[in-house]
Amino acid sequence: MAQMNLLQAINNALDTVMAENDRAVCFGEDVGHFGGVFRATSGLQEKYGKNRCFNTPLVEQGVIGFANGLAAQGSTPIAEIQFADYIFPAFDQIVNESAKFRYRSGNEFDVGKLTIRTPYGGGIAGGLYHSQSPEAYFAHTPGLKLVVPRNPYQAKGLLLASIRDDNPVIFFEPKRLYRASVGEVPEEDYQLPLGKAEVVQQGSDITLLAWGAQMEIVEKAAELASADGISCEIIDLRTILPWDIETVANSVMKTGRFVVSQEAPLTAGFASEIAATIQQECFLHLEAPIARVCGMDTPYPLALEKEYVADHLKIYEAIKNSMTY
Amino acid sequence: MNTDIYSESPVVHQPAFIDGHSVEIPILKILKQDGSIYENATMPEIDQALATKTYKTLAFHRVLDERMVAAQRQGRISFYMAALGEEAASVGGAAGLKDQDMIMAQYREQGALMFRGFSLENFMNQMFSNEKDLGKGRQMPIHYGSNELNYMTISSPLGTQIPQAAGYAYGQKMQGLDAVTICYFGEGAASEGDFHAGLNMAAVHQSPVIFFCRNNGYAISTPSDEQYVGNGIASRGVGYGMKTLRIDGNDILAVIAAVQLAREYAVKEGKPVLIEAMSYRLGAHSTSDDPSGYRTREEEAKWQEHDPILRMKNWMLAQGWWDEAQETALFEKLRDDVLAAVKVSEKIDKPPVEDLITDVYDQAPPLLQSQFEQLKEHIKKYPDAYPFTAGRIK
């Protein structure tokens with residue numbers, strides 16, 4: 001075990017894969033010698049050479065198009081999009097190409113070896129274009145897997161699983177936690193399962209669900225609630241697509257109350273999909289309406305970020321409202 | 001590093017533009033319409049066997065297109081795209097490559113797949129979306145693909161294959177393979193962002209890819225003079241710092257010569273090449289449009305005189321490699337074969353309902369499986385509404 005922050009855990013996972021698989025290639029804008037603007041690919045070019053870790057021109061659709069081709073060829077591309085806010089020029093390559101490659105060819109070809117890494121989320125005074133959480137756009141696209149880690153241990157295990165999974169995966173990295181989140185991470189190889197949520201705290205009164213950086217916000221709200229004598233069960237979804245309905249539904253059937261929280265705006269966010277499914281699965285067990293605590297339906301703000309975000313106090317209020325419904 | 005531009009450019013002291021057409025790009029022609037060769041022309045490497053295979057592929061192409069447009073008019077298939085008048089670009093491209101080279105086409109390059117040996121039955125099964133279609137009946141007619149023949153499955157969105165070809169070829173080079181990727185697209189698709197992304201990625205990362213533009217004058221109804229004002233597509237290759245060649249796309253020998261040269265360069269130097277083949281789409285864009293609404297008969301008639309298949313036939317006759325009796329027999333046989341194949345393929349069952357959920361992922365996730373179970377129960381309840389699958393539900 002070693003103490004690592006989330007960036008170091010990601011760097012360690014990339015190093016692990018590049019050492020074992022000489023067809024694994026890391027690339028993106030500033031990913032080469034500089035090691036990425038957040039330094040996630042630090043040292044990889046020195047270790048594995050310019051052919052396997054390199055800068056690309058500034059063209060996101062080119063980065064993902066190139067990655068799709070490499071994956072179809074049998075290589076293992078790990079492409080970085082510098083900020084999730086800038087993934088949209090590559091939207092067509094991801095939604096019409098990566099996601100449909102296997103299906104449209106009848107399994108003659110696939111890009112299962114593709115992994116796209118991208119930092120997402122707010123809390124870094126990044127304003128409109130360095131703070132977005134665009135997972136819901138991609139969750140509407142069959143053929144993709146979407147994974148979000150909450151801490152360094154999860155980041156390494158989930159990233160290794162994502163790279164080795166035989167489907168295209170978008171790995172959303174909570175950039176607010178890159179250096180802020182530090183924890184014990186095994187230096188050896190390990191994987192955490194995709195498509196499986198994790199119950200991180202058992203409880204009996206209410207179920208709280210989130211993913212990525214929002215997990216620690218939810219945990220903070222649960223502490224406040226605990227002081228009021230409310231026992232919260234906390235679940236980290238970990239994989240957004242395909243998501244683990246069973247774990248969430250089992251918990252809600254036990255507690256009868258459910259709050260789901262995401263950073264992204266409320267309307268048509270993935271929390272809405274979860275709420276619809278859980279009311280269908282758990283209708284007769286629910287003691288209160290399902291609450292979604294999300295970002296507001298505005299672009300991501302700058303000066304008023306504190307007011308905008310789904311913070312622990314808003315979640316705490318939602319918990320109390322549910323308990324007293 | 002390109003920073004030397006600052007110190008190495010010629011210096012002037014009066015502001016003056018360079019002209020947008022200042023790059024002069026010649027066009028390679030080897031074969032004349034009457035079947036003779038231009039004086040001093042450098043021939044491609046081609047013997048009687050390759051020439052005969054190429055010519056027979058061109059003939060197959062024309063017959064298949066002709067018959068399948070008719071089949072669409074009869075309502076037997078939903079859609080078709082012919083390549084009338086520009087068959088030499090795709091067939092000649094494949095003829096200049098090796099079998100291990102990847103072909104990433106746009107959608108009008110069935111000729112390259114024919115050259116590789118995709119069977120008539122395979123073509124038919126794809127167009128009839130039946131259970132023997134390699135693509136499992138998922139895509140509209142002409143979206144062929146074959147892993148075995150190194151022909152990437154066609155995708156409708158335009159230009160997406162261009163940056164993908166840059167990546168595919170990079171992978172071939174990393175593995176040290178004696179292989180390149182050829183990437184076909186039209187002059188219309190060259191307006192897409194993916195074109196610029198793909199050419200720049202390939203140039204910067206030195207991918208051994210042959211970008212092959214079929215400049216056939218039209219993107220559906222939009223003529224090329226409303227698509228760009230620069231010196232064709234070839235001038236852009238120069239802009240991206242790439243070896244570039246413009247050819248007569250209706251001259252099969254020029255196509256083969258250009259692709260052979262490009263392949264040799266791409267493998268040896270590990271760098272991309274851009275070829276712009278000038279041609280003309282004599283047919284409609286697809287069976288869904290009628291060119292009489294956007295161009296004149298006179299214009300079409302002018303291009304009829306440049307028929308690439310007749311041009312190659314004239315050369316074959318002059319070589320003594322072909323005669324009129326062979327010609328008649330070949331076309332008769334091809335027409336009979338295609339008609340017979342239509343009758344077989346249109347009777348083959350649709351794909352099983354299981355193919356709705358396979359290949360979305362490597363394995364169907366639980367939610368998709370439960371949707372499928374619900375669907376099967378629904379079909380069993382209303383079997384008359386789902387005649388293709390109701391009788392086959394397990």
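This is a predicted model: local features need pLDDT of at least 70, side-chain atom pairs count only at pLDDT 80 or more; totals for chains, interfaces and linings use all residues.

Visitor: Into which domains is chain A divided?

Guide: Chain A is divided into domain 1, residues 2-185, and domain 2, residues 198-323, and the C-alpha centres of these two domains lie 26 Å apart. Chain B is divided into domain 1 (20-345) and domain 2 (353-392), with 38 Å between the centres of domain 1 of chain B and domain 2 of chain B.

Visitor: How many residues of domain 1 of chain A are in contact with domain 2 of chain A?

Guide: On the side of domain 1 of chain A there are 25 residues, which are in contact with 21 residues of domain 2 of chain A. The elements of domain 1 that give two or more residues to this side are α6 (135-139), β6 (145-147), α7 (152-164) and β7 (169-174) of chain A.

Visitor: Turning to sheets, in what order do the seven strands of the open sheet in chain A stand?

Guide: The order is β3-β2-β4-β5-β7-β6-β12 in chain A, and the pairing is mixed. At the edges stand β3 (53-55) and β12 (239-241) of chain A, each of which pairs on one side only. Neighbouring strands of this sheet are turned by 20° against each other on average, with direction ignored. Helix α3 of chain A packs on the sheet, where it touches β2, β4 and β5 (115-120) of chain A, and its direction makes about 170° with that of β4(A). As an example of the pairing, strand β2 (residues 24-28) and strand β4 (residues 76-80) of chain A run parallel and are joined by five bridges, and A:Cys26 stands opposite A:Ile78 in β4(A).

Visitor: Why is one side of β9 and of β14 of chain A left without a neighbour in the sheet of five strands?

Guide: That open sheet has the order β9-β11-β10-β13-β14 in chain A, again with mixed pairing. Strands β9 (198-201) and β14 (291-295) of chain A stand at its edges with a single partner strand each, so one side of each has no neighbour in the sheet. Here the twist averages 25° from one strand to the next. Strand β9(A) pairs with strand β11 (residues 232-236) of chain A in the antiparallel sense over three bridges, and A:Gln201 stands opposite A:Ile234 in β11(A).

Visitor: And how should I read a pair of packed helices?

Guide: Two packed helices are described by the angle between their axes and by the distance between those axes. In chain A, helix α8 (residues 214-227) and helix α12 (residues 312-323) pack at an angle of about 50°, with their axes 8 Å apart. The two helices α8(A) and α12(A) are therefore oblique to each other, and α8(A) passes α12(A) in a right-handed crossing. Among the residues that make the contact are A:Ile217, A:Val218 and A:Leu224 of α8(A), together with A:Ile315 and A:Tyr316 of α12(A). The residues of this contact divide into eight nonpolar, one polar and one charged.

Visitor: Finally, how many residues do chain A and chain B each bring to the contact between them?

Guide: The contact takes 36 residues from chain A and 36 residues from chain B. On the side of chain A that touches chain B, the largest share, ten residues, comes from α3(A). The residues of that side of chain A divide into eleven nonpolar, 19 polar and six charged.

Definitions and conventions:
Residues are numbered from 1 along each chain as its sequence is written. Chains are lettered from A and ligands numbered from 1 in the order in which they are written. Axes are lines fitted to C-alpha atoms, for helices over the stretch in contact, and angles run from 0 to 180 degrees between N-to-C directions. Helices (H or I, at least four residues) and strands (E, at least two) are DSSP runs, numbered from the N terminus. Angles under 35 degrees count as roughly parallel, over 145 as roughly antiparallel, 65 to 115 as roughly perpendicular and the rest as oblique. A crossing is left-handed if the near helix is turned anticlockwise from the far one by less than a right angle, and right-handed if clockwise. Two residues are in contact if their C-beta atoms, placed from the backbone, lie within 7 Å. Ala, Val, Leu, Ile, Met, Phe, Trp, Tyr, Cys and Pro count as nonpolar, Asp, Glu, Lys and Arg as charged, and the others, Gly among them, as polar. Domain bounds come from an automatic or database domain assignment. Two strands pair if DSSP finds at least two bridges between them.
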